[in-house]
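Let's take a walk through a protein model together, one stop at a time. Please keep the structure open beside you and find each residue as we come to it.

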Amino acid sequence: MKLNFNNKSQSRFSPTVININPLPPFGGTTLEDQPQDEDLKGLKAHLNNLVEAVVKAVVMANQTQELDDVLMIRDELHRLPDYLMTEVINDVILNLVKIDADLCRWFIIDIFLRDAQAEGKADVAERINLLIADLQRR
């Protein structure tokens with residue numbers, strides 16, 4: 001399996017360009033007043049596509065049991081800036097837990113956090129367990 005982030009259905013996040021016009025002289029609208037909802041919607045759409053692609057790739061990699069595939073997914077995620085990686089991983093956890101809690105634990109704890117310290121893995125495992133318990137109560 002090859003994870004292709006250049007494919008439109010599995011596009012790798014590409015930053016949205018925000019055009020910032022110079023502030024007008026006295027009495028005009030300020031930068032804070034200018035709508036940027038379109039930019040945020042575009043970013044969210046890119047993130048949703050990335051999360052969906054990662055979840056599908058993890059499910060497929062689990063089915064084939066190819067360690068190289070999941071390590072490649074992990075490595076691609078680590079290439080994201082920290083703030084985006086955190087956002088994507090949180091959404092991946094939410095989606096994977098709904099599909100298969102054991103798959104979620106395996107990918108996040110054993111693969112994604114493979115090189116992390118034991119305390120960090122334990123914290124994330126506890127958060128995943130709380131999420132699972134919360135979803136079971138609903």
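Start at Arg138, which is exposed, with a relative accessible area of 74%. In this predicted model, the side chain of Arg138 meets that of Asp134 in a salt bridge, with 3.1 Å from N to O.

Find Asp91 in helix α3. Is this residue, Asp91, buried or exposed? Asp91 has a relative accessible area of 16%, so it is buried, since buried means under 20%. Setting aside the neighbours within four places in sequence, Asp91 is in contact with Lys44 and Val51.

How many salt bridges does a search of the whole structure find? The search finds 9. Another of these pairs is Glu52 with Lys56, whose closest N and O atoms are 3.0 Å apart. Both Glu52 and Lys56 lie in helix α1, 4 residues apart, which is about one turn of the helix. Glu52 is partly exposed at 43% relative accessibility, and Lys56 is partly exposed too, at 46%.

Now move along to helix α4, where Arg105 and Asp102 both lie, 3 residues apart and about one turn of the helix. Their side chains form a salt bridge at 3.0 Å from N to O. Arg105 is partly exposed, with a relative accessible area of 29%, whereas Asp102 is exposed, with 53%.

Stay with helix α4 and look at its neighbour. Two packed helices are described by the angle between their axes and the distance between the axes. Helix α3 (residues 82–99) packs with helix α4 (residues 101–112) at an angle of about 145°, and their axes are 6 Å apart. Which residues of α3 and α4 meet? From α3 come Met85, Ile89, Val92, Ile93, Leu96, Val97 and Ile99. They meet Ala101, Leu103, Cys104, Phe107, Ile108 and Phe112 in α4. Sorted by class, this contact of α3 with α4 has 13 nonpolar residues, with no polar and no charged ones.

What is the phi angle of Gln65? Phi of Gln65 is near 60°, a positive value in a residue other than glycine. Gln65 is also exposed, with a relative accessible area of 58%.

Our last stop is helix α2, which covers residues 67–78. The 12 residues of α2 reach 17 Å from the first C-alpha to the last, close to the 16 Å expected at 1.5 Å a residue. Which residues of α2 are buried? The buried ones are Asp69, Val70, Leu71, Ile73, Arg74, Glu76 and Leu77. Take Glu76, which is found in α2. Glu76 counts as buried because its relative accessible area is 19%, and the cut-off is under 20%. The side chain of Glu76 is joined to the side chain of Arg79 by a polar contact of 3.1 Å.

Technical notes:
Residues are numbered from 1 along each chain as its sequence is written. This is a predicted model: local features need pLDDT of at least 70, side-chain atom pairs count only at pLDDT 80 or more; totals for chains, interfaces and linings use all residues. Side-chain values use heavy atoms; hydrogens and water are left out. Helices (H or I, at least four residues) and strands (E, at least two) are DSSP runs, numbered from the N terminus. The expected span of a helix is 1.5 Å times one less than its number of residues. Buried means under 20% relative accessible area, exposed over 50%, partly exposed in between (1.4 Å probe, protein chains only). Axes are lines fitted to C-alpha atoms, for helices over the stretch in contact, and angles run from 0 to 180 degrees between N-to-C directions. Contact means heavy atoms within 4.5 Å. Ala, Val, Leu, Ile, Met, Phe, Trp, Tyr, Cys and Pro count as nonpolar, Asp, Glu, Lys and Arg as charged, and the others, Gly among them, as polar. A polar contact is a pair of N or O atoms within 3.5 Å; within protein, one must be able to donate a hydrogen and the other to accept it, and residues adjacent in sequence count only if both atoms are side-chain atoms. A salt bridge is a side-chain nitrogen of Lys or Arg within 4 Å of a carboxyl oxygen of Asp or Glu.
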